[in-house]
Amino acid sequence: MKQRTVTAIIAGLIFIPIVLLGGTLFTLFVYLLASIAIFELMRMKKIARYSVSSLIILLFMWALMLPEINSYELSSFVTKAELSLVTVLLLLSYTVLVNNKFTFDDAGFLLISAVYVGMGFYYLIETRIEGGLDYVFYALFVVWATDTGAYVFGRMFGKRKLWPKISPKKTVEGALGGVVLACITAVIFQIFHPLHSSMFILIAVTILISVAGQIGDLVESAFKRHYLVKDSGNILPGHGGVLDRFDSLIFMLPVLHLINFIP
């Protein structure tokens, strides 16, 4: 517990000022987080970090995170669809060139990982740019409240397992408690920093993204259980890796944008 607390304080002292500053520094920091996260997934799948396939997928993910992707163009001659197609062709060609030492399964895994991590962190950048600090901190507070509520309510009232094959400790009562505390937190946030004219809509959105965040947490747990690893990484002592800390957020933020909640 002491190690977790110290790590959380140090991480907060680094992360929060960078969020407050925004701009290029924030964007570069998010790129760094995304790069570490995809390397964590490669480690789970036992794909070499220093290989042609890793370089291809890293460049693909970075391109997905560019702001221009919002208009479906990286330039006047390369579109999002074309970039994805080129990446697929390169990875499939690489499987042949190395005599299937790099397999079709590996290629599929890397493509899904790049979209999952890249677009998740892309929307973190977009939230900071489009919505400003209020929306970034709203999302962070909902994540923290959901995690805290799920833990506390799960410990106090948890009886029915939520998804025992994926995450044995999670309970239905805990999941509901996470949503409730997230809604309470959102109401308090709305009082001091109004995000929407309708409190009803804010609560409905909060329920939706709290559930999305918990699904994101379960997805990452499924990755770890499938590949038989305890944590996605060890860069954050006591907390695991980047994905262990951002799995809920990068699932939640795309939902906020897809429903056009962020102006």
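**Exercise 1. Find which residues leucine 256 is in contact with, leaving aside its neighbours within four places in sequence.**

Start with the partners: leucine 256 is in contact with Tyr138, Ala139, Val205, Ile209, Phe261 and Ile262, once neighbours within four places in sequence are left aside. Contact here means heavy atoms within 4.5 Å.

A word on the model before going on: it is a predicted one, where local features need pLDDT of at least 70, side-chain atom pairs count only at pLDDT 80 or more, and totals for chains, interfaces and linings use all residues. Residues are numbered from 1 along each chain as its sequence is written, and side-chain values use heavy atoms, with hydrogens and water left out.

Next, look at the core. Leu256 sits in the largest nonpolar core, which has 69 residues; along with Met65, Phe121 and Tyr138, Leu256 touches the most other members. Such a core is a set of buried Ala, Val, Leu, Ile, Met, Phe, Trp, Tyr and Cys residues joined through side-chain atoms within 4.5 Å. H5 gives the most to this core, contributing 12 residues.

**Exercise 2. Work out how many of the residues of H10 are buried, and what they pack against.**

Step one, the terms. Buried means under 20% relative accessible area, exposed over 50%, and partly exposed in between (1.4 Å probe, protein chains only). Helices (H or I, at least four residues) and strands (E, at least two) are DSSP runs, numbered from the N terminus.

Step two, the count. In H10, 8 of the 10 residues are buried, so this helix is largely enclosed by the rest of the structure. The buried ones are Leu249, Ile250, Met252, Leu253, Pro254, Val255, Leu256 and His257.

Step three, the surroundings. Those buried residues pack against helix H5 (104–131), helix H6 (133–157), helix H8 (199–226) and H9.

Step four, the two ends. Serine 248 lies in the loop between helix H9 (242–246) and helix H10 (249–258). Serine 248 is buried too, at a relative accessible area of 5%, and touches Val143, Asp147, Gly213 and Asp217, not counting residues up to four places away in sequence. After H10 comes asparagine 260, with a positive phi near 60 degrees.

**Exercise 3. Trace the network of salt bridges that includes Lys224.**

The structure holds 5 of them.

Now take the pairs in turn. Lysine 224 meets glutamate 220 at 3.5 Å, N to O; being 4 residues apart in helix H8, they're separated by about one helical turn. Lysine 224 also bridges to aspartate 244, with the closest N and O atoms 2.9 Å apart. Lysine 224 lies in helix H8 and aspartate 244 in helix H9, so this pair ties together parts that are 20 residues apart in sequence.

Put together, Glu220, Lys224 and Asp244 are linked in a network of salt bridges.

Finally, check burial. Lysine 224 is buried at 14%, glutamate 220 at 1% and aspartate 244 at 6%.

**Exercise 4. Say whether arginine 160 and glutamate 173 are buried or exposed.**

First, the pairing: arginine 160 forms a salt bridge with glutamate 173, their closest N and O atoms being 3.0 Å apart. Then the accessibility: arginine 160 counts as exposed at 54%, whereas glutamate 173 counts as buried at 15%.

Terms used
A salt bridge is a side-chain nitrogen of Lys or Arg within 4 Å of a carboxyl oxygen of Asp or Glu.
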